[in-house]
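Hi,

Here is the structure I promised to pass on. Have a look at it first, then read on.

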Amino acid sequence: MTTIATESAVSLRTRILDAAERGAHLRIVGRGTWLDANRPVANAEPLSTRDLSGITDYVPGDLTLTARAGTTFAELRAATEANRQWLALDPYGSDEGTLGATLATASAGPLRTYFGGPRDLTLGVEFVTGAGVIARGGGRVVKNVAGYDITRLMIGAWGTLGVITEVTVRLHARPAADESFAVDVDSQAGAGEVRTLLRRLPFKPYACEVVNGSLARALTGSAAAQALFRLGGNAEAVKAQRAALIELGTVRDVDPSVWARLRTIEPADAVVFRLSALPSSMDATWREATSIVASASNALVHATPALGIVRCIVPTADRDPTPVLAGLAGVKSTLIAERLPAGAWSGRGAIPDALSRRVKAAFDPNDRLNPGIFGGM
Amino acid sequence: MLFRPSELLTYTSDALPSYFKQPGLAVFPGTRDEVIAVVRELAVRKIPFVPRGAGTGLSGGALAEGVVLIGLNRLTRILSIDAENGFAVVEPGVVNVALTRAVTAHGLHYAPDPSSQAACTIGGNVAENAGGPHCLKYGVTTNHIVALRVLLPSGDIVNLGSVGGEHEGYDLVGAFVGSEGCFGIALEITVRLSRNPEQIRTLLADYLSLEQAAQTVSAIVATGIVPAALEMIDQATIRAVESSIYAAGYPTDAAAALLIEVDGAVAGLEHDVATVEALCKENGARTVRIARDDAERTRLWQGRKKAFGAMGRVAPHLVVQDAVVPRTKLPAILAEVSRIGERHGVRVCNVFHAGDGNLHPNIPYNGSDASETARVHEAMKDIMQACVAAGGTITGEHGVGLDKVSYMDLIFSPDSLATMCTLREVFDPDRRCNPGKVVPMHSCREWHGTPAARAASGSR
């Protein structure tokens, strides 16, 4: 029954109440695969959700799955693949990442082009607020408007309102064909050109990423910038979709493992950020991003033309990231920092609006959870 | 402004004939500035109010008891259309289908399509997180709203979400959509527009048993084909439709029919149509009819979309119900619903979004017959309980409103309901905006009054 709190939630509440008694602050840790991106969560004890693992309910015919927050993508994949189904969500990072962390950070990868992100694929969550209250929003069915949407409120809240303990997601049946292709594109104009093509095509690819030369070299061995496509549907549809890409240039088959490599390519010490604007500005956003990272010849840059987003990965092992960070100061697009050096977080990402601050005060009145994770809210 | 009882009569109910509440007065501002002025004046005087769109709601959600009703249906301006990026900014009173009509020339449409789309407003759709047949593939309202300019009950104006790119921070657009008019008034709504499919194919399959129809639904979904719509219509509904002016050519001797739509790029679409057709037949369909042209397609859909109107022939009143079960429970729940109908001596007509497991058990009845009315309510209660027991929920797209407040305890714990109240109080601390709806009053205890909350915030 959805009206009864899970054991996971009860045990987490005990730990939150214990921290409250000691006046301690908590930093929520899943598998720890993502580390903390050097975000300034200060003076906080780790609150691990690692033990909250396992799928609790999965009826393949319903295409819904309920799992504890610490369940990894690898576990989800193993369970769903057996039924020719999948959770069409591929956040950057390894398959050891957890469902809870992905929702909390609203992380999505290339499949977002077709399937949307966590807010579109999540049906319900159970969580424990910073005040120690166990709540559940949504449900286990694919359509539900009962009650206010506290489910979507948890997605992208970075654990600052509550700790997610259990999640119900919508699955998709695997298509008959799911194939990947690459086309060489111009290093400057490519992203804009692909965006223009996508607008004209009568279908939406499952994924479409434009990668710069350094990234293409690492992923496919190509010397040039490339557009990577993932096309799904019945075999006839995929064949026709592939044929439509010829407008861009020669279409080559690529191994589908290219997507897993793209998700895991960033070194742990990299500076990672996204620039985001209207899709119609794709060309300008791409050019702006490439100019910011121009000082780092090994920067890996990729764009999602359907959404107008460019993601930049700047390895820092043998290079000082200062010029890149300086370049971030004047960007015209929306800048979203994923991973920065510790000193660069100050003041960044703090939520300025009063309504959001009131939400925070209502759910976590003593700033118990992940204090400072936004950079100083 | 209306204040005479005779004038207010129109506003005493919505499309659900079970509740009647008389507003104290009704105002119909003609501009956003007038809405702001009205709400600010009410804030100063601490007077509760209820926002209302076209009044097509099915949960009693827009009824105002003695308080001020603010009709938003004069705010019908489409403020901007960005065809290139697929966005439009609209006022709350824009009628759902009017928006689609306005963007048709760009090859776009607004995807959520409630059956009332010819009358209902985008503002009301946002409040209810409205669905519709095509939400199976394209998602419900919340998947199509990217930004909102909201007038809070305090009179303050906030901008939620953002159009240009990703939004960082709390998903307050997500929180607002589906808040049933309890969080404020959306003055400007930025919606995502969807590209019109290159081709649409509509099929009608009919069956001698409900169970076979339900099995077909599961079989189609399991293939990975996501139909644009997958609707089930039972015999009682078919007969009501076929004897009305909305007759669509559904076979009246069938126990159930499935209306299935597959859309997308031309290439490969016929393959999906053939797969769907074969699955229908494998699962017992007597005939599968494929619409040959737009006219036939429109006619097949007309029967479905006007089914509620057609039931007007059966009895003067109609309860259009809404609940969701896991898709695999459809055959069992349909049998249970039929037993419940028999037990209470009422006639249940099912016409619903089978692909989503979203039931609409409808009961035509005579509202002036007190005994029948009471039996209808008892049957509805039993149906809700059966859906919850099957792992479902009490509403998939119509909202809680007044009608389902008493069922909220069935699916949410007291702490979950209290948490929802907490969120409401962020937007509406005085609980003046659409009072008495969605969450039962007894759940809205003071946040810090719970033992757990006291313990958590007690020491630092």
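Below are my notes, from the domains down to single residues.

First, some housekeeping: this is a predicted model, where local features need pLDDT of at least 70 and side-chain atom pairs count only at pLDDT 80 or more, while totals for chains, interfaces and linings use all residues. Residues are numbered from 1 along each chain as its sequence is written, and chains are lettered from A and ligands numbered from 1 in the order in which they are written.

**Domains**

Chain A splits into domain 1 (7-173), domain 2 (177-263) and domain 3 (266-341); domain bounds come from an automatic or database domain assignment. The centres of domains 1 and 2 of chain A, taken over C-alpha atoms, are 31 Å apart. Eight residues of domain 1 of chain A are in contact with 10 residues of domain 2 of chain A (contact means C-beta atoms, placed from the backbone, within 7 Å). Chain B has domain 1 (5-71), domain 2 (78-195), domain 3 (199-309), domain 4 (315-406) and domain 5 (410-458). In chain B, 44 Å separate the centres of domain 3 and domain 5, again over C-alpha atoms.

**Where the chains meet**

75 residues of chain A are in contact with 78 residues of chain B. Among the elements of chain B giving two or more residues to that side are helices H7 (210-222), H9 (269-282) and H15 (414-427). (Helices are DSSP runs of H or I with at least four residues, strands are E runs with at least two, and both are numbered from the N terminus.) H15(B) gives the most, with 10 residues. By type, this side of chain B has 30 nonpolar, 34 polar and 14 charged residues; Ala, Val, Leu, Ile, Met, Phe, Trp, Tyr, Cys and Pro count as nonpolar, Asp, Glu, Lys and Arg as charged, and the others, Gly among them, as polar.

**A sheet in chain A**

Chain A has an open, antiparallel sheet of eight strands in the order E13-E10-E12-E11-E15-E16-E14-E17. Strands pair if DSSP finds at least two bridges between them. E13 (251-254) and E17 (334-339) of chain A are at the edges with a single partner strand each, so one side of each has no neighbour in the sheet. E14 (271-276) of chain A pairs with E17(A) over five bridges, and Ser276(A) has Thr334(A) in E17(A) as its bridge partner.

In helix H7 (190-200) of chain A, the buried residues include Gly190(A), Val194(A) and Arg195(A). (Buried means 20 or more other C-beta atoms within 10 Å of a residue's own, exposed 12 or fewer, partly exposed in between, with C-beta atoms placed from the backbone.) Among the elements covering the buried residues of H7(A) are strands E11 (207-211) and E15 (300-304) of chain A.

**Inside chain B, and the core**

Why does Gly341(B) count as buried? Because Gly341(B) has 22 C-beta neighbours inside 10 Å. Gly341(B) lies in helix H12 (330-344) of chain B, and leaving out residues up to four places away in sequence, Gly341(B) touches Val346(B), Arg347(B), Val348(B) and Ala379(B).

The largest nonpolar core has 260 residues, and Met154(A), Ala257(B), Leu258(B) and Cys387(B) have the most contacts inside it. (Such a core is a set of buried Ala, Val, Leu, Ile, Met, Phe, Trp, Tyr and Cys residues joined through C-beta atoms within 7 Å.) Helix H13 (370-389) of chain B gives the largest share of this core, eight residues.

Cheers

Definitions and conventions: Contact = placed C-beta atoms within 7 Å.
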